[in-house]
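I opened this notebook to record what I looked up in one structure.

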Amino acid sequence: LVSEMRVRYGNDITDKVEASKKLERSEEMFRTMTETMPAPVIIMQGRKMVYSNPAAQRFMGDGDHPHSTPGDFIHPETWALWEGAFAMMLSGQEKQTRLVYQAHNHDGVAFWFDSSVATLNYQGQPSLLIMTIDVTEQVNAKAALEDERALLAQRVEERTVELRNANRELAQAIRHKDEFLAGMSHELRTPLNAILGIAEIMGEEIYGPLNEKQHKRLQDLEESGRHLLYLINDVLDVAKIDAGKLILEVADAEISSICESSLRMIRQAAFKKQLRIDIAINTTATHIKADGRRLKQMLVNLLSNAVKFTPESGEIGLSVT
């Protein structure tokens, strides 16, 4: 019985020695691997740091602070979160966790770290393995992007306010313009109607007989006056155009009548500049589907420009094909 107990005790010792050697080899392999890692690696047992690789030591001061812990370099609020996570992991409630936080090195330079924490058995004690990555550049880039987005949103809001104010001012300007056009057209129509009325009375020879030439000139006067009245009415159409309510009165229009009437409107101005006027109307088609009054208005505008920009004693004309 004694001999059997000695054998069993000897086997137990052998097993413990082998387990200890295996643990030492595992920890040696772990150190060899972490020694060359550029990221800080720390092993904690409670609040005590029992291992740090060279990268972690450089961050904490290259051995100048041998008793330092991560809590010496992390904001107190963040460290409180760490300790809470540590407690839950050591109690077995969690196996691993991750935190992104800000810390400062021994020189006071701020960094942002992304740390992963996992439980392990180190030197026969329950421990926490902390592996850290420097994410300062990414965090700063994200913060810069958020600042840029906030600035852009502010600019958009400011621009929106500017456009809203501009639209309000534009609407007010349009209203003033419409009021002005309505008042102006009324003021112009009043004396023009009087002129047309006098021309009509003269045409009826109430003030005495007229010869053929006088009748013709009076007709030209009346036609020009009525065309001017149409133009004054068209001033009000500007508001209709803005509102999208302008309607063209399309109907059969006699081509020669529109052309000859347009030429009569500019004949006096052409005569003053001694311009020769040629007209050539193709007789194949006699009518056109159009708003005759507006077609005449366009022709008068074009012919007026021709008179204006043609040198004296020159030639203008209207050709219809």
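Which side chains meet in a salt bridge at 2.4 Å, N to O? I found that the side chains of Glu 315 and Arg 276 do so; a salt bridge here is a side-chain nitrogen of Lys or Arg within 4 Å of a carboxyl oxygen of Asp or Glu. I traced Glu 315 to strand 9 (residues 315-320) and Arg 276 to strand 7 (residues 276-281), distant parts of the chain that lie 39 residues apart. Helices (H or I, at least four residues) and strands (E, at least two) are DSSP runs, numbered from the N terminus.

Basis of the entries. I note that the model is predicted, that local features need pLDDT of at least 70 and side-chain atom pairs pLDDT 80 or more, and that totals for chains, interfaces and linings use all residues. Residues are numbered from 1 along each chain as its sequence is written, and side-chain values use heavy atoms, with hydrogens and water left out.

Accessibility of the pair. I looked up Glu 315 and found it partly exposed at a relative accessible area of 42%; Arg 276 is also partly exposed, at 48%. The classes are buried under 20% relative accessible area, exposed over 50%, and partly exposed in between (1.4 Å probe, protein chains only).

Other salt bridges. I recorded 11 salt bridges in the structure. Lys 289 and Asp 252 form one of them, with an N to O separation of 3.6 Å. Lys 289 belongs to strand 8 (residues 287-290) and Asp 252 to strand 6 (residues 251-254), so the pair ties together parts 37 residues apart in sequence. I found Lys 289 exposed at 61% relative accessibility, and Asp 252 exposed at 56%.

I then turned to Arg 264, which forms a salt bridge with Asp 220, the closest N and O atoms being 4.0 Å apart. This pair links helix 6 (residues 255-272), which holds Arg 264, to helix 5 (residues 212-243), which holds Asp 220, across 44 residues. Arg 264 is partly exposed at 33% relative accessibility, whereas Asp 220 is buried at 17%. I also noted that both residues belong to a salt-bridge network with Lys 216, Arg 217, Glu 223 and Lys 296.

Is Val 307 buried or exposed? I found it buried, because its relative accessible area is 6%. Val 307 sits in helix 7 (residues 292-309). Leaving out residues up to four places away in sequence, I listed its contacts (heavy atoms within 4.5 Å) as Ile 266, Ala 269, Ala 270, Lys 273, Leu 275 and Ile 316.

I looked up an open sheet of 5 strands, ordered 2-1-5-4-3 with antiparallel pairing; two strands pair if DSSP finds at least two bridges between them. Strand 2 (48-52) and strand 3 (96-104) are the edge strands, each pairing on one side only. Neighbouring strands are turned by 30 degrees against each other on average, direction ignored.

Strand 4 (residues 110-122) and strand 5 (residues 125-134) run antiparallel and are joined by 10 bridges. Within this pairing I found Val 117 opposite Ile 130 of strand 5. Helix 4 (residues 136-203) lies across strand 4 and strand 5, running at about 135 degrees to strand 4. Axes are lines fitted to C-alpha atoms, for helices over the stretch in contact, and angles run from 0 to 180 degrees between N-to-C directions.
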